[in-house]
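These are my notebook entries on one structure, written while I looked through it step by step.

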Amino acid sequence: MSISIQIAQAVAGGIKTLYGQEITADSVQLQETRPEFEGNLTLVVFPYLKMSRKRPEETAQEIGEYLLSEVPHVIAKFNVVKGFLNLTIAPAQWISLLQEIYQQENFGFIPVTEASPLVMIEYSSPNTNKPLHLGHVRNNLLGWALANVMEANGNRVVKTNIVNDRGIHICKSMLAWLRWGNGETPETSGKKGDHLIGDYYVAFDKHYREEVRELMAKGMDEEQAKQEAPLIKEAHEMLVKWEQNDPEVRALWRRMNEWVYAGFDETYKALGVSFDKIYYESDTYLEGKEKVEEGLAKGFFYRRDDGSVWADLTAEGLDEKLLLRSDGTSVYMTQDIGTAKLRFQDYPIDKMIYVVGNEQNYHFQVLSILLDKLGFKWGKDLVHFSYGMVELPNGKMKSREGTVVDADDLIATMITDSRQMSADKVNKLENISEEEAQEIARIVGMGALKYFILKVDARKNMLFNPEESIDFNGNTGPFIQYTYARIRSILRKAKEQGIEIPTELPTTTELSDKEISLIQHLNDFAQAVRQAGSDYNPSCIANYCYDLVKEYNQFYHDFSVLKEENKQKQIVRLALSAAVSKIIKSGLGLLGIEVPERM
RNA sequence: GGUCUGGUAGCUCAGUUGGAUUAGAGCAGCAGCCUUCUAAGCUGCGGGUCAAGGGUUCGAGCCCCUUCCAGAUCACCA
């Protein structure tokens, strides 16, 4: 049983014995003692003054004495400063905690069983008309990390992706390819499929704008010109043909989407993300209509004179929302309802999490209400894991202005930069092959990118500074990975010297304040995992890892493991180092960041 | 205009359910440390009215109210 739980229970017992009041052990809050005071854990007694009807110092003194007599094997001594009761924990307790941390397979994780809640996480959700960019990278990394965190918190997780594979935007690319493509394919051009399609999307836009300009030059106003341009009309015709299942249009659509998927798969693989189940909007968009008709029949929605269907959400403090156009076609909201329906048919979902940018906050507010009305039990409590936009030093990313950061380019740059950065260092390592050096560069480069993005609170808009992201000093992924590699090196050398960590650590060893503080910090990992799960916030894991590494690095400079002459101390320090490396691996693993054995 | 989210060092960000006379990191600047388990590191210095004002209490960067600033959103777009 953990130290703080034992103490919390004893405190609850003490309050009852001393003051005759019932409190739960859960409500007892212990915090780490500030370095300037003596002790390891601190109980703030202010909340109990109303029960004791005594001054803070007196109350703290009484509780302290009670604890000392009740759990002497846990509490070695205590002191009181104002309303703060500082407790010094018996060294043997720290040793056994350390042992628990480094021996447990997944310390701090809650095991997943058949009975665990089933959480579905939707993330990525790309359009199939252009390659992934930096915004998608943030989405994918957050989605993947969140899935890991939810699983570590004892949930069965299904990772899903809704691919927006139909609509006018796809038709634009198709049309441009037919018109100017000369039959170009990924094979003949050597381009990645998603980039190829993206190029034609851009080409369409360019020619389209020209047409609009020409029409405006002839005196047409802008609104009308945008609608009357021949290219856009043709694209609309193509969309109609698609909906009518025109064999030629469908065949081209399938062919081009396949190219895009092949391209996406490469990017996903490089990012290290994957999905358990992929949904396609072309399969789900019709399902939503049925659900809306159903809701209409039940009187949740109403039909206007022009035939369009609406939901009146003014009672919830929102506006009216369109669900079906007057021509009977579905809108974005309708498709999300359809997707929800299919998902619920496929899985007994207890909780649904959508990883989608914060520009859609309103959409998900509405979706939640609609799904609830339509009888989805998880609709009301659906989670919109909303993240902020990625901004660049010179402003926002705008695909039209060409100020986007392409995901594939970014990944490639990160890897080559880290290869260059580590060139001198890696050469110092013995027996390193070119393949291994390249693999290290990949792990470190991706680590830098992932950490840079995940360390920031997801809700906030973040600034992506390309120069800073490849900086490997300070609060960065490589800094943490480097510490891991150094510890692994120590463990290898210890093994060579025949030093092994025994199954039972020596409990009589004395511990320094730094060592105790490090063990406490390791123990906090469990708390960080809980918090990340309840707040849907992977960033606190990243910041936890950084703090831990910072603390270990100071330790690293003050103590040596391999040269320590006291065998018991040596073993404890070795175990401490092993535990730190284990928690780093575990923590970065939750973020989808790999660790190199050497770098 | 309505709704939502943010505002902490020159810059990028932490700050765990409200806790301790002094609010933390990194970058940038300055000064030290590689005969020492990997220096991608460590140590020190300078840098702050936690947007502003009020409130709640033993105690507020954190909770409540008002104001200011920034962003998002409120489409028969997705």
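**Conventions.** I note that this is a predicted model, in which local features need pLDDT of at least 70 and side-chain atom pairs count only at pLDDT 80 or more, while totals for chains, interfaces and linings use all residues. Residues are numbered from 1 along each chain as its sequence is written, chains are lettered from A and ligands numbered from 1 in the order in which they are written, and side-chain values use heavy atoms, with hydrogens and water left out.

**Domains.** I looked up how chain A is divided, and I found domain 1 (3-89), domain 2 (123-275), domain 3 (284-349 + 362-380) and domain 4 (410-590). These bounds come from an automatic or database domain assignment. The C-alpha centres of domain 3 and domain 4 are 47 Å apart.

**RNA strand B.** I then asked how many residues surround RNA strand B. There are 64, and the closest are Arg34, Asp306, Asp319, Asp457 and Arg486; a residue is near the strand if one of its heavy atoms lies within 4 Å of it. By class, 24 are nonpolar, 23 polar and 17 charged. Here Ala, Val, Leu, Ile, Met, Phe, Trp, Tyr, Cys and Pro count as nonpolar, Asp, Glu, Lys and Arg as charged, and the others, Gly among them, as polar. Of the RNA atoms within 4 Å of the protein, 63% belong to sugar or phosphate and the rest to bases.

I also recorded polar contacts (pairs of N or O atoms within 3.5 Å). An N or O atom in the side chain of Thr42 is 2.8 Å from a base nitrogen of RNA strand B. For Gly474, a polar backbone atom is 3.2 Å from a phosphate oxygen.

**Leu511.** Is Leu511 buried or exposed? Leu511 is buried, with a relative accessible area of 15%; buried means under 20%, exposed over 50% and partly exposed in between, with a 1.4 Å probe and protein chains only. Leu511 lies in the loop between H18 and H19, both DSSP runs of H or I with at least four residues, numbered from the N terminus. Its contacts (heavy atoms within 4.5 Å) include Pro91, Trp94 and Val572.

**Strand S12.** I found that five of the five residues of S12 (residues 383-387) are buried. A strand is a DSSP run of E with at least two residues. Val383, Phe385 and Tyr387 are on one side of S12, and His384 and Ser386 on the other.

Key:
A polar contact is a pair of N or O atoms within 3.5 Å; within protein, one must be able to donate a hydrogen and the other to accept it, and residues adjacent in sequence count only if both atoms are side-chain atoms. Lists of a residue's contacts leave out its neighbours within four places in sequence.
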